[in-house]
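Notebook open, structure loaded. I'm jotting things down as I look them up.

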Amino acid sequence: MQPSRVLIIEDDPHLLDTLSSTLRLKLPHAHIDTANTVLTSLERIRSMDYAAVLCDAHQPRLEGIGFVRAVQKIHPECPVLLLVEKHQEDLLRQAMEAGAYDVLVKPVEESTLLFAVRRAIEVSRLRCRVKREEAQFVATVRRTMKDLEVLYGAYGLQSHFEAFMGSLDVEKAGLSTAG
């Protein structure tokens, strides 16, 4: 199993160094990348699969909630954890509605940070596994439909299955745009 990649985005260089050092020390099997702006990090997220992204919610040019939405469009499976300055119910609600996996209030305790990042990595791993197993299942059903058509002369089974899968894709697309 290859190491999980985690991206930390923080414009305060001291906090960025502290967060990355802590995660590198406590999560030796994870590869930790860092960025000091959300705009440069979006390019990385487009080109690389991250198991989790930890981002300061107050960034110049793109606030945390906008960043969460952007990441959701690029990689909907990637958990985004936001770091906020203080506990504000409205901001927490907006972040969660935008698709944030978790919101951590600064200063965040090391144990809380590690727990949240480990959980996000595990969720990412499980989402990838489900996606892979779903693809394997659909491929198996397609082969079975084809075999049934040949064995029993039940031609059209495969086209009915493809129509069903198409309707599921439309339904998924509708749910993702609604959320």
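Ground rule before anything else: I take helices (H or I, at least four residues) and strands (E, at least two) as DSSP runs, numbered from the N terminus. This is a predicted model, so I note that local features need pLDDT of at least 70 and side-chain atom pairs count only at pLDDT 80 or more, while totals for chains, interfaces and linings use all residues. Residues are numbered from 1 along each chain as its sequence is written, and side-chain values use heavy atoms, with hydrogens and water left out.

**Entry: Ser-41**

I started with Ser-41, which sits in helix α2. Buried or exposed? My cut-offs are under 20% relative accessible area for buried, over 50% for exposed and partly exposed in between (1.4 Å probe, protein chains only). Ser-41 has 0% relative accessibility, so I put it down as buried. For contacts I count heavy atoms within 4.5 Å. Skipping residues up to four places away in sequence, I find Ser-41 touching Leu-7, Ile-9, Ala-35 and Phe-67.

**Entry: Phe-67 and the cores**

Next I followed Phe-67. Leaving aside neighbours within four places in sequence, I get contacts from Phe-67 to Ile-9, Val-38, Ser-41, Leu-42, Ile-45, Val-53, Cys-55, Leu-62 and Val-80. By a nonpolar core I mean a set of buried Ala, Val, Leu, Ile, Met, Phe, Trp, Tyr and Cys residues joined through side-chain atoms within 4.5 Å. The largest one has 24 residues, and the members touching the most others are Ile-9, Val-53, Phe-67 and Leu-82. I see two or more of its residues coming from each of β1, α2 (38-47), β3 (52-56), α3 (64-74), β4 (80-84) and α4 (89-98). Another core, of 21 residues, lies apart from it; Leu-19, Leu-114, Val-117 and Ala-120 are among its members.

**Entry: Glu-10**

Where is Glu-10? I find it in the loop between β1 (4-9) and α1 (13-26). Glu-10 is buried, at a relative accessible area of 1%. A polar atom of its side chain lies 3.1 Å from the backbone nitrogen of Asp-12. Beyond four places in sequence, the contacts I list for Glu-10 include Ala-35, Asp-56, Gln-59 and Lys-106.

**Entry: a cis peptide**

Lys-106 brought me to its link with Pro-107, a cis peptide bond with omega of about -10°. I noted it down because most peptide bonds are trans. Pro-107 is in the loop between β5 (102-105) and α5 (110-152).

**Entry: cysteines**

How many disulfides? I require a pair of cysteine sulfur atoms within 2.5 Å, and the count is zero. From the sulfur of Cys-55, the closest cysteine sulfur is that of Cys-78, 11 Å away and so too far for a bond. For Cys-78 the closest is in Cys-128, at 9.3 Å, again too far. Cys-55 is buried at 0% relative accessibility, and Cys-78 counts as buried at 4%.

**Entry: the whole chain**

Last, I stepped back. I get six helices and five strands, running β-α-β-α-β-α-β-α-β-α-α from the N terminus. The radius of gyration (over C-alpha atoms) is 20 Å, well over the 16 Å from the globule rule for 179 residues, so the chain is more spread out than a compact globule. That rule is 2.2 Å times the number of residues to the power 0.38. The C-alpha trace spans about 70 × 35 × 25 Å along its principal axes. I also note that 36% of the 179 residues count as buried.

Terms used. A polar contact is a pair of N or O atoms within 3.5 Å; within protein, one must be able to donate a hydrogen and the other to accept it, and residues adjacent in sequence count only if both atoms are side-chain atoms.
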